[in-house]
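Biologist: I am new to reading structures. Can you take me through a few features, step by step?

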Amino acid sequence: MTVARSMARRLLLVEDTPTIAKLQTLIAQRAGYIVDLADSLAQAKQLSKQHSYYCAVVDYTLPDANDGEAIDYILSQNIPCIVMTAQVNDTVHSRINEKPIVEYITKENRQSYHYLEKRLASLPRNEGITVLVVDDSRMTRAYMTNLLQRQRYQVETAEDGIDALRKLENNRDIKIIVTDNEMPNMDGNELCATIRERYTPEEMVIIGVSSSDNSHLSSRFLKNGANDYLNKPFNEEEFYCRINQNMDLLEQFQKVQRQANQDHLTGLANRRLFFQSGQKFATHCAKHQRSLCVAMLDIDHFKHINDNYGHDGGDEALKHFANLFATHFHDQFTARLGGEEFALLFKHGRSKDAEQSLVAFCEELKATPANYKGTAIGISVSVGLVEAKDYDLDCILTKA
């Protein structure tokens with residue numbers, strides 16, 4: 001898994017075994033980090049004074065710190081800390097888990113290093129994900145918030161199901177909901193069922209939690225649409241595993257969904273998504289007796305571009321057109337239907353406004369040729385525009 005860096009993230013690696021340090025360095029670099037290596041606590045202290053670190057991966061035992069002292073030092077510097085160690089006995093395990101670390105990974109096998117890479121890659125991702133914690137206990141909300149913030153998740157809290165639905169309505173970044181069951185006004189099961197009326201398990205993760213000893217509660221949560229379930233009091237490691245694994249699955253599903261709905265060359269919505277989402281919008285317009293405003297765009301003489309510049313040049317022209325198209329109509333619904341044909345569904349505005357906007361786009365396109373290997377490729381487009389109270393998207397697009 002590779003993370004594109006919009007900014008340099010620096011990682012402090014504290015490891016005294018050269019072969020392991022080399023492997024961990026490669027893993028961290030693949031996950032998008034600049035890596036500084038320290039083979040002792042003394043060197044780690046020196047480096048931490050010279051740089052600001054996004055996170056650290058620290059061994060439990062070092063030549064000058066054989067009992068976890070390096071972990072304590074890293075945490076004292078407010079650096080998020082992943083502990084990776086060969087120490088697997090219960091005493092060390094308990095001692096490490098008492099500390100406010102991000103993750104604890106044992107050096108057992110290849111899977112351990114694969115897991116490290118996933119977690120390093122997920123930290124920047126988590127910054128854009130909000131978890132909604134729903135519990136009527138202020139202490140429990142604070143505890144789970146602290147755990148989630150260690151892994152750089154954004155956190156919202158709610159004290160019952162009704163409060164949770166209000167928070168969900170106002171925050172589109174919420175991707176995970178962790179909800180207790182026993183709450184006033186609306187319990188966790190009812191909240192779960194209500195959310196599932198609006199969002200599928202592939203759109204939003206729900207994890208139910210409860211201190212109840214009712215053996216049927218977990219199955220009730222799952223039948224009401226929860227992705228997972230945890231008993232209180234839970235182990236912190238298990239909590240992190242459930243949160244991260246569900247988020248990984250959600251991310252994978254959304255990636256597959258993007259690939260299914262996105263034109264691979266231009267990045268615009270493809271024909272499938274245009275008709276799927278566009279028809280939903282058309283049905284909404286029909287309900288409120290609003291006109292639909294749709295445009296069909298066809299790049300002029302595209303075969304001539306392919307003949308003159310080859311298919312690579314044609315692809316560059318299509319990508320250039322699509323970039324201008326998506327930027328100019330960023331608040332409308334744009335799609336590539338196939339070949340050199342594109343579609344535009346106006347989410348608001350009348351045909352007069354749409355026509356003016358299309359004319360401005362054509363002028364912008366004319367003034368901004370594509371660049372292929374230093375050669376300017378001029379592009380023009382023919383446009384058909386229709387506004388009508390016709391709610392069959394296929395029919396109105398044919399008219400356009």
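Modeller: Start with terms. Helices and strands here are DSSP runs, and a strand has at least two residues. This model is predicted. Ser-210 lies in strand 9, residues 205-210.

Biologist: Is Ser-210 buried or exposed?

Modeller: Buried means under 20% relative accessible area. Ser-210 has 0% relative accessibility, so this residue counts as buried.

Biologist: Which residues is Ser-210 in contact with, beyond its neighbours within four places in sequence?

Modeller: Among them are Asp-180, Asn-181, Glu-182, Leu-217 and Tyr-229. A polar atom of the Ser-210 side chain also lies 3.0 Å from the backbone nitrogen of Ser-212.

Biologist: Now a helix. How many residues does helix 11 have?

Modeller: Helix 11 has 17 residues, 271-287. From first C-alpha to last, helix 11 reaches 24 Å, close to the 24 Å expected at 1.5 Å a residue.

Biologist: Which residues of helix 11 are buried?

Modeller: First, the general idea. An α-helix has 3.6 residues a turn, so residues three or four places apart point the same way. Now this case. Leu-273, Phe-274, Gly-278, Phe-281, Ala-282 and Cys-285 are buried in helix 11. They cover an arc of only 150° around the axis, which puts them on the same side of helix 11.

Biologist: What is exposed on the other side of helix 11?

Modeller: Lys-280 and Lys-287 are exposed there.

Biologist: And what covers the buried residues of helix 11?

Modeller: The cover includes helix 10 (236-261), strand 11 (292-299), strand 12 (333-338), strand 13 (341-346) and helix 14 (393-399).

Biologist: What comes just after helix 11?

Modeller: Gln-289 takes a positive phi there, of about 55°.

Definitions and conventions. Residues are numbered from 1 along each chain as its sequence is written. This is a predicted model: local features need pLDDT of at least 70, side-chain atom pairs count only at pLDDT 80 or more; totals for chains, interfaces and linings use all residues. Side-chain values use heavy atoms; hydrogens and water are left out. Helices (H or I, at least four residues) and strands (E, at least two) are DSSP runs, numbered from the N terminus. The expected span of a helix is 1.5 Å times one less than its number of residues. Buried means under 20% relative accessible area, exposed over 50%, partly exposed in between (1.4 Å probe, protein chains only). The arc is that of the directions from the helix axis to the C-beta atoms. Contact means heavy atoms within 4.5 Å. A polar contact is a pair of N or O atoms within 3.5 Å; within protein, one must be able to donate a hydrogen and the other to accept it, and residues adjacent in sequence count only if both atoms are side-chain atoms.
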